[in-house]
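Please open the structure in a viewer and keep the selection tool at hand.

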Amino acid sequence: MKTYVGRRKLRLQPFLKNWELYVIITPVLLYFIVFEYVPMYGVQIAFKNFVATKGIWGSPWVGFDHFERFFNSYFFWRLLKNTLGISLYQLAVGFPVPILLALMMNELRLGVFKKFVQTVTYAPHFLSTVVLVGIIVIFLSPQSGIVNQIIVHLGGQPISFMTEPGWFKSIFVWSGVWQQMGWGSIIYLAALAGIDPQLHEAAKVDGASRLQRIWHVNLAGIMPTVVILLILNTGSIMTVGFEKVYLMQNDVILESADVISTYVYRTGIIQAQYSFAAAVGLFNSVINLIMLVTVNYIAKRLNETSLW
């Protein structure tokens, strides 16, 4: 009996010693349990023919019928191509830009100018999606937009950017880069601040140039942070922001602007096909999970930096 009590006290000792930390983390745990894990109970409607009057448990099972319907539909390959195309484009352009911006800002020595650059690049992050899309529409207007005025002034013809399917992905991605690059650079600046200054001094003694120190000291020092964020970004590769895509969409460019998230909204909310929309959303989440696990495994094998 004494041995059992002693073991129990030994197990509780770490908790009692750090009880303040557990109290601090409790609201976060409750948030994820209530808003992330409990709603997973409703995922089963993806395998049922959901009828609101019968409830989730009372609705009949249909197995993978909704998934088969989605895979065989006309929209499947279009949605997959658009979602992956925008996500990969965004990852290829939007991921390295904050790193480059952080490396450049880290080299600024004039404090006032550095604060000015930080303020200018951080500010767009605080614009709402509605305001951002409104700015895009105004700037790209064929009649009065500043971009088309510049094109006309240079001797070109006005371009209807918002009704040209070929322009949608570029407008979506580059406007996102402009809005988020400053905010995304904060974590890299924090990582750069943790690099030992003695490494730079040693590199100077060895005759390394400024660019060589940026490459071999700064970039190498933040590489674990870069890898972790790359894994997280890849894990959400199928998640294209619904609000911005939906606000930028119109019937003319729907062929290149329709993604899985907007399709789920259209079928689930507007057309009330709840089970089918849940199946499409579940498929999207499963692909993200597979990508996250795969990229994490590859990163762990290559440089031993991973989420777990």
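Over the ring of which residue does the charged end of K244 sit? Select K244 together with F172: the charged end of K244 lies over the F172 ring, 4.7 Å from its centre. A charge is taken to sit over a ring if NZ of Lys or CZ of Arg is within 6 Å of the ring centre and within 35 degrees of the ring normal.

This is a predicted model, in which local features need pLDDT of at least 70 and side-chain atom pairs count only at pLDDT 80 or more, while totals for chains, interfaces and linings use all residues. Residues are numbered from 1 along each chain as its sequence is written, and side-chain values use heavy atoms, with hydrogens and water left out.

**The largest core**

Next, select F95, I99, L103, Y188, L192 and I222. These residues have the most contacts inside the largest nonpolar core, which has 21 residues. Such a core is a set of buried Ala, Val, Leu, Ile, Met, Phe, Trp, Tyr and Cys residues joined through side-chain atoms within 4.5 Å. Buried denotes under 20% relative accessible area, exposed over 50%, and partly exposed in between (1.4 Å probe, protein chains only). At least two core residues come from each of α6 (96-106), α7 (111-122), α10 (168-193) and α12 (210-235); α12 supplies the largest share, six residues. Helices are DSSP runs (H or I, at least four residues), numbered from the N terminus.

Centre the view on I99. Residues up to four places away in sequence aside, I99 touches Y188, L219, I222 and V226, where contact means heavy atoms within 4.5 Å. Another core, of 20 residues, lies apart from the largest one and includes M162, V240, M248 and I253.

**Helix α7**

Now select α7. Its 12 residues should span 16 Å at 1.5 Å a residue, and this agrees with the 16 Å between its end C-alpha atoms; the expected span is 1.5 Å times one less than the number of residues. V117, Q118, T121 and Y122 are the buried residues of α7. Viewed down the helix axis, they fall within an arc of 120°, so they line one face of α7; the arc is that of the directions from the axis to the C-beta atoms. The face turned away from this buried side carries the exposed residues V112, K115, F116 and T119. Among the elements covering the buried residues of α7 are α6 and α10.

From there, move to L189, in helix α10. L189 counts as buried because its relative accessibility is 14%. Beyond its neighbours within four places in sequence, L189 contacts A102, M105, N106, Q118 and Y122.

**Aromatic rings**

Finally, select the cluster formed by F70, F71, Y74, F75, F76, W77, Y263, F276 and F283. Rings of Phe, Tyr and Trp (its six-membered ring) pair if their centres lie within 6.5 Å; planes under 30 degrees apart count as stacked, over 60 as edge-to-face and the rest as tilted. The F71 and F76 pair is edge-to-face, at 5.4 Å centre to centre with 75° between the planes. F71 is partly exposed at 34% relative accessibility, whereas F76 is buried at 8%. The charged end of R69 sits over the ring of F276, 3.9 Å from its centre.
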